[in-house]
Amino acid sequence: MNFEELISKSHAFVTQYLNGADVDLDIDLFATGMVNSLFAMQLVLFVEKEFGFAVANEDLDYDNFRSINAIADFAARKLGLTVNA
Amino acid sequence: MDIQLSEKQQSAQDEFRDFVDRKIMPFANDHDKQETMPATLIQEVADKGYLGGLVPEQYGGNGMDSVTWGLLCEEIGRGSASLMSLFTVHSMVIQAILKWGDESSRERWLPRLATGEIIGGFALTEPNVGSDATAIETNATLDEGQWCVNGQKCWISFGQVASLFLVFAQTEGKSIALLVERECDGFSSEPISGMLGFRSAMLANIKFDHCKIPESNLLGRPGFGFSHVGGTALDQGRYSIAWGCLGLAQGGLNASLAYAGKRKQFGVYLNEHQLIQALLTDMITQAQATRMLCYRAAALKEQADPSVIMETAMAKYFASQAAVKISTDAIQIHGANGCSDKYPVQRYLRDSKIMEIIEGSNQMQQIMIAKHGYQSHVMNERRQAERAKRETK
């Protein structure tokens with residue numbers, strides 16, 4: 001999986017949660033109040049299933065989840081991918 | 001969706017049923033009247049390895065799959081919803097530690113939770129805080145490697161006997177989840193009696209008065225207590241409750257089928273009266289629909305699919321309503337006998353009502369489920385529009 005795929009899959013997941021709204025890749029999902037705690041848990045399960053690694057205690061940092069780009073960056077780091085976007 | 005039980009699951013179900021029929025069913029009404037759960041029975045379910053059902057084998061548990069755990073909850077729920085609530089909260093603590101504890105926390109707590117040496121309790125609700133869990137008033141401050149906890153929690157299942165509580169608090173405006181041992185100085189509990197249902201669930205109000213907790217007892221990180229640690233625990237709780245409600249529903253149905261087959265009115269058995277058949281038909285169908293939702297949640301849980309959270313919420317929502325409806329009809333079929341404590345159906349109804357309130361009231365489930373439905377609708381419309389656009393080209 002490359003970084004573009006991480007972005008694409010993360011974008012599709014977030015878009016589905018936000019009723020199909022077109023979300024900018026850098027928009028802060030939590031600060032704008034677009035998502036809630038239910039989304040936070042669904043996001044953990046999505047990342048674990050889709051990208052194939054466990055989200056652990058030390059990963060609990062909003063900087064890892066606050067935007068689509070942040071989610072993809074986080075996944076890329078966990079997967080040891082080079083970010084070239 | 002495959003709902004065929006494996007040989008191992010079938011064998012486990014037979015064992016659970018036999019245990020519940022012999023050790024729980026005959027005594028559940030008495031426990032309900034006495035508003036207590038004998039320590040010997042708790043020890044017995046612990047000795048059977050049931051309390052450690054969700055603990056992986058590497059930590060000394062049974063490592064049950066989602067269906068087997070569900071089957072266990074169904075049978076325990078059929079026998080005693082109060083005892084079922086122990087399985088619910090105990091497994092919520094286990095799941096929270098399993099997911100958000102570090103390795104030393106898992107090694108420290110899980111083996112003892114698996115054997116029942118430690119009984120887990122879930123401490124979220126407060127006198128002023130129910131559904132709005134973000135408004136928690138219990139406070140914790142970190143000072144020299146220790147959390148100092150002050151506050152109170154209410155309606156805590158098995159709060160009279162639990163030895164390790166998963167406690168939600170605020171620290172500097174952020175939500176945290178802490179493991180608090182009963183033995184800590186400043187901890188106190190007060191038994192609750194006179195409840196509508198869950199009478200033998202050893203309910204208690206608990207207080208923390210400057211309780212000093214090791215810093216390492218924090219699960220997750222500040223800011224993630226309710227959303228992630230609580231979210232994990234509550235999802236597990238709703239899953240267990242859905243299956244427990246299936247057991248309540250099946251219990252009410254079983255009692256009604258038995259009663260309608262042995263009591264005569266107007267010269268024929270009740271089950272030959274068409275209006276009784278109508279009631280039984282609805283009960284059978286509701287129980288079967290509940291079972292399907294529970295199995296669907298189990299399948300998604302095994303796959304760790306993100307949709308499991310919503311599907312579990314739906315299962316809990318439907319199952320708790322079905323349990324209320326079925327136990328209400330069960331009382332109707334039993335007539336005055338059903339209102340007597342000589343029969344279990346009155347207990348089923350009282351316990352079912354509690355199920356509509358706990359681990360997220362059904363009104364909170366409705367908000368979640370309706371929103372989810374709208375999301376799915378919008379995304380389906382969008383996909384159809386994109387497909388039509390492609391076909392036009």
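Trainee: Why is B:Arg350 called buried?

Mentor: In this predicted model, the relative accessibility of B:Arg350 is 13%, and the term buried applies under 20%, so B:Arg350 counts as buried.

Trainee: Where is B:Arg350 found, and which residues does B:Arg350 touch?

Mentor: B:Arg350 is found in helix H9 of chain B, residues 345–355. Leaving aside residues up to four places away in sequence, B:Arg350 touches B:Asp32, B:Leu196, B:Gly197 and B:Arg199.

Trainee: What makes the pairing of the side chains of B:Arg350 and B:Gln346 a polar contact?

Mentor: The two side chains come to 2.8 Å, and the cut-off for a pair of N or O atoms is 3.5 Å, so the pair is counted as a polar contact.

Trainee: Which domains does the assignment give for chain B, and what separates the centres of domain 1 and domain 2 of chain B?

Mentor: The domain assignment divides chain B into domain 1 (7–118), domain 2 (121–226) and domain 3 (228–384). The centres of domain 1 and domain 2 of chain B, taken over C-alpha atoms, are separated by 22 Å, and their contact takes 24 residues from domain 1 and 21 residues from domain 2.

Trainee: How much area is buried between domain 1 and domain 2 of chain B, and which residues of domain 1 lose the most?

Mentor: About 1900 Å² is buried between domain 1 and domain 2 of chain B, with carbon and sulfur atoms giving 66% of that area. On the side of domain 1, B:Glu35, B:Val93 and B:Trp109 lose the most area to domain 2, together 27% of what that side buries.

Trainee: How do you know that the side chains of B:Glu181 and B:Arg108 meet in a salt bridge?

Mentor: The N to O distance is 3.5 Å, and the rule asks for a side-chain nitrogen of Lys or Arg within 4 Å of a carboxyl oxygen of Asp or Glu, so this Arg and Glu pair qualifies. The count between domain 1 and domain 2 of chain B is one salt bridge, and three residue pairs are in polar contact there, both residues being at pLDDT 80 or more.

Trainee: Which element gives the most to the side of domain 1 of chain B that touches domain 2?

Mentor: H4(B) gives the most, with 11 residues, and that side of domain 1 divides into 13 nonpolar, seven polar and four charged residues.

Trainee: Turning to the two chains, how much area do chain B and chain A bury between them?

Mentor: Chain B and chain A bury about 2400 Å² between them, 62% of it on carbon and sulfur atoms, while the contact takes 28 residues from chain B and 25 residues from chain A. In chain B, the residues that lose the most area to chain A are B:Trp100, B:Phe224 and B:Pro306, together 23% of what that side buries.

Trainee: What makes A:Glu48 and B:Lys99 a salt bridge?

Mentor: Their closest N and O atoms are 2.2 Å apart, and the cut-off is within 4 Å, so A:Glu48 and B:Lys99 form a salt bridge. Across the interface of chain B and chain A the rule finds one salt bridge, and the count of residue pairs in polar contact, both at pLDDT 80 or more, is nine.

Trainee: Which element gives the most to the side of chain B that touches chain A?

Mentor: H10(B) gives the most, with seven residues, and the residues of that side of chain B divide into 13 nonpolar, nine polar and six charged.

Technical notes
Residues are numbered from 1 along each chain as its sequence is written. Chains are lettered from A and ligands numbered from 1 in the order in which they are written. This is a predicted model: local features need pLDDT of at least 70, side-chain atom pairs count only at pLDDT 80 or more; totals for chains, interfaces and linings use all residues. Side-chain values use heavy atoms; hydrogens and water are left out. Domain bounds come from an automatic or database domain assignment. Contact means heavy atoms within 4.5 Å. Buried area is the accessible area (1.4 Å probe) that two parts lose on being put together, summed over both. A polar contact is a pair of N or O atoms within 3.5 Å; within protein, one must be able to donate a hydrogen and the other to accept it, and residues adjacent in sequence count only if both atoms are side-chain atoms. Helices (H or I, at least four residues) and strands (E, at least two) are DSSP runs, numbered from the N terminus. Ala, Val, Leu, Ile, Met, Phe, Trp, Tyr, Cys and Pro count as nonpolar, Asp, Glu, Lys and Arg as charged, and the others, Gly among them, as polar. Buried means under 20% relative accessible area, exposed over 50%, partly exposed in between (1.4 Å probe, protein chains only).
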